Amino acid sequence: MTNSGSVAAVDLGATSGRVIIGHVDRDGVRTDHVARFPNGPVALHEHGRDTLHWDVVELYREVVAGLRRARAEHTDLASIGIDSWAVDYGLLREGRLLGLPAHYRDARHEHGVDTVHARVTADELYRRNGLQHLPFNTVFQLAADPDAVLADRALLVPDLLGYWLTGVEAAERTNASTTGLLDATTRGWDSTLVAATGLPADLLPALRDPGDRLGTLLPSLGGGVPVTLVGSHDTASAVVAVPATEADFAYISSGTWSLVGVELETPVLTDAARAANCTNEGGVDGRVRFLKNVSGLWLLSESVRTWEQDGSAVDLEALLASAAEVTAPVPVFDVADESFTAPGDMPARIAAWCSLHGLSAPATRAEFVRSILESLAAAYASTLRTIVEVTGKDVRAVHVVGGGSQNRLLCQLTADRTGLPVLAGPVEATALGNVLVQARSLGLAGLGGASLEALRDVVARTVEPIRYSPAPGSDARPHRTTVRSHA
C-alpha cells in the first residue's frame, strides 16, 4: 500500500481543458491547477461545405506542456488519468490520425440516423444499447463519416490522447457506453450495432475498465509515469465525486450540458424508458448512470458571447445578480428545442421561439438570463419526475456538481421547481473523481479496493456542499410510485 503521492488529472471539457494535480490522504483530497487552456470548435471547409472540428492536436500539445510542468513541480507524480466529453473520436490508419475529429455539433451527423435505422430499428437500438436518441451519438457519426472507410481504428478523444501518450490502443468502458455501440447488458461491443454503421467490427479497440493501467508515458515524453484509466467520460468521473452520504439521491452534472440522473445497479431498457428518451450510460464499478442529457449553461455562455460581439465585456456576476432581482414573469421555453443546438445568436433564437409559441420574449439581458435559468430548472424538474416514474427510485436530495453548482440562482430555482433540497458542489467534481479512481488503483491513503461509497466519503470530508432549500409552498417533489422492471 502506498500512503502518499500525487496524481495528474487531465480534464478536457467542451470549452476548456485543465491539468490538475490531486493529492489524497486520510484527511481528504486536495487539488491544484497546473495548467488551463481553451478548447473550442474549428471551422473548416471540406466535402463541399463548412464543418466543425476539434483541434485535438493543439489539445495534445497543451496536455503535454501541462504534464511536463506537473512533473517539474511534483516529483512524486505517480499516475496520469484522462477524461473528456463523450461521443467524438479520431480515425487512424496504421497509427496515424486521418484528420481532426468532427465536433458533435456539426450537422452532418444527422445523415447517419437514417442509415443506422434502416439496418436496426429505433426500438431494437434502444433494447441493445439503452441510449437516449441523440443524432450525434457515435453510432450515427460513424455511419455519416466519409473518412471512416479509410480507417483501421477509431478512438474516442480521451483514448486517442492516451494512445499518443503511451502507444497503447484501448477503449475505456464508461465512455464507450456513450457511443451507441456497446451492449447495455453485457457491456461489450455489439457486433450487430457496429455492422449497422457499415464498418468492420475490428475498427474498435479492446475494452478496458476504470482503474486499469493503460501503459506508461513514452520515452519521448519522459517515460516512467503510468497512465491509469479513469471514468474517461467526464460525467462518469463527476458522479464518482458526488458527496452523497445516502443512496436516495439524484445528481445534476452541470456545465455546457446538464446531465440529470440517478445511479442504478442495472440498466432500465423498458418501453417507458425509451419513450422518455432516457439513457443508460456506464459508470465506475459497473454502476449505471440512468439519466437524460438536458441543455445546460451553453445557453447562457452563447448568449454572453453574442452580447460581447460588439467589443464590450459582460460582467456575468452582475448580470446574474440582476436576473435574481427580476420579478416580472419571464417565458419558460423548451431548452431541448433543436434550434438551440448550434452556435450562434442565442438571444435571437430564444426570442424567435417565444414568438412562435405566442409568448412575449424577454426585454432585457437580465430577463433573458432569468428566462434561461427558469427554463433550465423547469427542465431539470420535469426530467427528474420522469426518471423517478420510470425507475421507481426514491429521491430525497439533488446534488449539483460542476460549474453550474456556482450559479446560486440556478441552484435555488432548481430546489424550488423540484421541491427537493439541492446540495451544490464540488465545482471540480470531474477532476476529483478522476483523481480518486487513480488513487484507489495505486492504493493511496488506504483506498486500495475501496468502494465507490468510500470514495464519496473522501469527497464529503473535503467539500461541504452549499444547501438550497425549496421556497415555502414548493410542492413539486417527484414521489416514488411503483417500482418498474429493469429489463
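Student: Tyr 104 first. Buried or exposed?
Tutor: Tyr 104 has 7% relative accessibility, so it counts as buried. Buried is under 20% relative accessible area, exposed over 50%, and partly exposed in between, with a 1.4 Å probe and protein chains only.

Student: What are the ground rules here?
Tutor: This is a predicted model: local features need pLDDT of at least 70, side-chain atom pairs need 80 or more, and totals for chains, interfaces and linings use all residues. Numbering starts from 1 along each chain as its sequence is written, and side-chain values use heavy atoms, without hydrogens or water.

Student: How many aromatic pairs turn up in the whole structure?
Tutor: The search finds 9. A pair means ring centres within 6.5 Å for Phe, Tyr and Trp (its six-membered ring); planes under 30 degrees apart are stacked, over 60 edge-to-face, the rest tilted.
Tutor: Take Tyr 104 and Trp 257: centres 6.4 Å apart, planes at 55°, so this pair is tilted.

Student: Where do those two sit in the chain?
Tutor: They are 153 residues apart. Tyr 104 is in the loop between β8 (96–97) and α2 (110–117), while Trp 257 is in strand β15 (residues 257–264). Helices (H or I, at least four residues) and strands (E, at least two) are DSSP runs, numbered from the N terminus.

Student: And how exposed is Trp 257?
Tutor: Partly exposed, because its relative accessibility is 21%.

Student: Which side chains does Glu 263 make polar contacts with?
Tutor: Arg 287, at 2.9 Å, and Arg 456, at 2.7 Å. A polar contact is N or O atoms within 3.5 Å; within protein, one must be able to donate a hydrogen and the other to accept it, and sequence-adjacent residues count only if both atoms are side-chain atoms.

Student: New topic: β6. Why call it enclosed?
Tutor: In β6 (residues 77–83), 6 of the 7 residues are buried, so the rest of the structure largely encloses the strand.

Student: In what sense does β6 pair with β1?
Tutor: Parallel, over 6 bridges, with β1 spanning residues 6–12. Pairing takes at least two DSSP bridges. Ser 6 has Leu 77 as its bridge partner in β6.

Student: What order do β7, β8 and β9 take?
Tutor: The order is β8-β7-β9, in an open antiparallel sheet. β8 and β9 (153–156) are at the edges with a single partner strand each, so one side of each has no neighbour in the sheet. Between β7 (residues 89–93) and β9 there are 4 bridges, and Leu 92 is opposite Arg 153 of β9.
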